Amino acid sequence: LPSFFLSCRHTTRRAVCHLLFGRTEVIDNTLNPDFVRKYILDYFFEEKQNLRFDVYDIDSKSPDLAKHDFLGQVYCTLGEIVGSPASRLDKPLGGISGKACGTIILSAEELGNCRDCATMKFCANKLDKKDFFGKSDPFMVFYRSNEDGTFTICHKTEVVKNTLNPLWQPFSIPVRALCNGDYDRHDFIGEFTTSYKELCRGQNQHNVYEVSMLSFSVESEHTFLDYIKGGPIIGGRGLVLTAFCLADPIVLTGNPSQSTSLHYMNPYQMNAYAMALKAVGEIIQDYDSDKMFPALGFGAKLPPDGRVSHEFPLNGNIENPYCNGMEGILEAYHQSLKTVQLYGPTNFAPIVNHVARYAAAVQDGSQYFVLLIITDGVISDMAQTKEAIVNAAKLPMSIIIVGVGQAEFDAMVELDGDDIRISSRGKLAERDIVQFVPFRDYMDRTGNHVLSMARLAKDVLAEIPDQLILYMKSRGIKPCSPPPAYSPDHDHPQTTPI
C-alpha cells in the first residue's frame, strides 16, 4: 500500500501564488490516511483566504515534491471550512484528468482562550463632598495591575450627578481585560485593592468598603465562529448568513453603453458595481449552504409597460429573484442593464423594508441577513430610509453600503451612524447596523483590481461578526453544541505516523 503526506499552501494578502505553510507527517500502508499534524492560521472573516491542499505518495526521502507521485489536490477558502456544518468540509480531490482521486476531509477548530465575561454592579455610601454648591459627581475607575507592578485603566463607570450615595449601572467586562485570565491578579479600585477571585465571592464581609459590590456574575462569551459552527438550530446546523445584493441602475449613472457611465460594460474589465458585488459576495457565499442569493435593483422602468420600480429582481423573475452564486448575480446584473430603462428617483426605504420582512420572520438565530447596497450616493427618501434602518436595527440583519463614483456621500455617512447613532422621530437605533465606504478610497493606483476588491471587502465586512454577536447577545440566543467531531472509520486499518 502507498504512503501519503499532505502539502498545505495558502495565499497571503500580497502574494498571488500559493505559499507553502506546512506538510503533514507520512502515513504508511493505507488508502484512508488520517493525518494528525495540525496547523495554526489567523482567521479573518472579512478576507478571502485561499487554500490549496496537495496529496502525494511518498517514494523517497527527498523534500522535492517533483520526486513523489501526485495523487490529487483541492482548492478552497478558510471561510468555506469554518462555514461548513461543524466546520468540517468534504471535497473531492482533483488535478488528474479523467481520474477519480478520492475525497479529502478538512476541519477547523477555534483555539481556546479566556472567554469569560464578568458583570458587576457597585454602589457607594457617604462619600466626601467635593462640590462647593452641591454634593459630588462620583464615578469609579478600574485599574488592572500589570506584571511589572504598574496599573492600566480597564474600565470607567458613568458619572452619577450630585450625590454622596451613588448607584452605578451594571457593566460587563471581559475577564482578560480585567486580569488577563489571572484570577489572583489584583485590581486597584479607588482607595482599596481586591482581586478577581475575591470579587467572585459576591457581596460578603470581605467585599464591603465605602464602595459596595451589589452583584457579580460571570458567563462565557460566545464568538462568531461558535454561532457559525454550532448554530441554535436543532440538529446542530450552523447559522446561515444570507446576503441580499442591490445595485442602483438610476439614470444619473448614465447610459451603460457609454464609457462615461458607472455601469459601463467594458469587455475587458469589471465596472465598480461588479467589482463591489464580487468582492463582498465571494466572502459571504462561503457561509451560505445553497449559494442562492436574491439580487435586486432599484430606480428603473421595467418592461413591458415602463412601470417604475424600487425593488425589482435583477434576473427578471418576480417569483424567484434568487441567483446561483456570485457568477449568477453578475450575469443577472449585466442582463438587467440591457432590459430595463434607468430611472430615478432613488429610494432606499423599500429595499431595507423588503429585507427586514425576511429578517422579522426568522428571529431564532438560525439566519442572519446581510444587505449589500451599491449606490452612487443619491437618495430621494432620506427620512423614510432612516426610519426603516431604526426599525431594522432590532432584527437579525446588517446593511453594507458601497459608494461608487466621485460624488459626495454625506447622506451615506449620516446613515452609517459611526459618530452619531442614527435616529428617526426621536427614536434611536437599537444598534449600529450600517457600514458605509466609498469604493474610490480602495482603488489601487496601479490598476490592480484584485487588490482593490480585497481592500474593499476587508473594511466593509469587518464589523459583521461583532454586529451579529451583539444581536445574538441582546436576544439571549446561545449557539448549540456542534455535531460530534469527525472520527475515522474503525474499519480502516490502523496507521502509524512517521
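These legends walk you through several close-up views of a predicted model.

**Figure 1. The whole protein at a glance.** Before zooming in, here is the overall picture. Eleven helices and 25 strands make up the secondary structure of the protein. The protein has 498 residues, and 47% of them count as buried. Among contacts with a separation of 6 or more, 68% are between residues 24 or more positions apart.

**Figure 2. The largest nonpolar core, with 64 residues.** Which residues touch the most other members of this core? They are Ile400, Leu456 and Leu461. Helix α5, residues 272-284, supplies nine residues, the largest share of this core. Apart from this core lies another one, of 33 residues, and its members include Phe348, Ile373, Ile379 and Val434.

**Figure 3. A closer look at leucine 456.** Leucine 456 is one of the residues that touch the most other members of the largest nonpolar core. Which residues is leucine 456 in contact with, once neighbours within four places in sequence are left aside? They are Ala276, Ala279, Val402, Val437, Phe439 and Tyr442. Leucine 456 also takes part in the contact of α5 with α10, on the α10 side, and that contact is the next view.

**Figure 4. Helix α5 packed with helix α10.** Two packed helices are described by the angle between their axes and the distance between the axes. For α5 and helix α10 (residues 449-461), the angle is about 60 degrees and the axes are 9 Å apart. This makes α5 oblique to α10, and their crossing is right-handed. On the α5 side you will find Met275, Ala276, Lys278, Ala279, Val280, Ile283 and Ile284. Facing them from α10 are His449, Met453, Leu456, Ala457, Val460 and Leu461. By class, this contact of α5 with α10 has eleven nonpolar residues, one polar and one charged.

**Figure 5. Helix α5 again, now with helix α6.** Here α5 packs with α6 (residues 325-339) at an angle of about 160 degrees, and the axes are 10 Å apart. Are α5 and α6 roughly parallel or roughly antiparallel to each other? Because angles over 145 degrees count as roughly antiparallel, the answer is roughly antiparallel. The crossing of α5 and α6 is right-handed. From α5, the residues in contact are Tyr273, Ala274, Leu277, Lys278, Gly281 and Glu282. They meet Met326, Glu327, Ile329, Leu330, Tyr333 and His334 in α6. The contact of α5 with α6 divides into seven nonpolar, two polar and three charged residues. Look out for Lys278 of α5, which is listed in this contact and in the contact with α10.

**Figure 6. Helices α7 and α8 side by side.** Helix α7 covers residues 349-360 and helix α8 covers residues 382-392. Their axes come within 8 Å and cross at roughly 15 degrees, and α7 and α8 are therefore roughly parallel to each other. The crossing of α7 with α8 is left-handed. Ala349, Val352 and Asn353 in α7 meet Gln384, Thr385, Ala388, Ile389 and Ala392 in α8. How many charged residues does this contact of α7 with α8 have? There are no charged residues, alongside five nonpolar and three polar.

**Figure 7. Histidine 310 in its loop.** You can find histidine 310 in the loop between β17 (307-309) and β18 (312-313). Is histidine 310 buried or exposed? Its relative accessible area is 15%, so histidine 310 is buried. Leaving aside neighbours within four places in sequence, histidine 310 is in contact with Gly297, Phe298, Gly299, Pro345, Asn347, Pro350 and Ile351. Histidine 310 and phenylalanine 348 are 38 residues apart along the chain, and their C-alpha atoms are separated by 7.8 Å.

**Figure 8. Backbone features worth a look.** Most residues other than glycine have a negative phi, and most peptide bonds are trans. Proline 303 and proline 304 are joined by a cis peptide bond, with omega about 5 degrees. Proline 304 sits in the loop between β16 (300-302) and β17. Asparagine 162 has a positive phi of about 50 degrees. Asparagine 162 belongs to the loop between β9 (151-156) and β10 (171-174) and is partly exposed, with a relative accessible area of 46%. Lysine 291 has a positive phi too, near 55 degrees. Lysine 291 lies in the loop between α5 and β15 (292-297), and its relative accessibility of 26% counts as partly exposed.

Methods
Residues numbered from 1 in each chain as written. Predicted model: local features only at pLDDT ≥ 70, side-chain atom pairs only at ≥ 80, totals over all residues. Heavy atoms only, no water. Core = buried A, V, L, I, M, F, W, Y, C linked by side-chain atoms within 4.5 Å. Buried < 20%, exposed > 50% of the residue type's maximum accessible area, 1.4 Å probe, protein only. Helix = DSSP H or I, 4+ residues; strand = E, 2+ residues; numbered from the N terminus. Contact = heavy atoms within 4.5 Å. Axes fitted to C-alpha atoms, helices over the stretch in contact; angles between N-to-C directions. Parallel < 35°, antiparallel > 145°, perpendicular 65-115°, else oblique. Left-handed = near helix turned anticlockwise from the far one by under 90°. Nonpolar A, V, L, I, M, F, W, Y, C, P; charged D, E, K, R; others polar.
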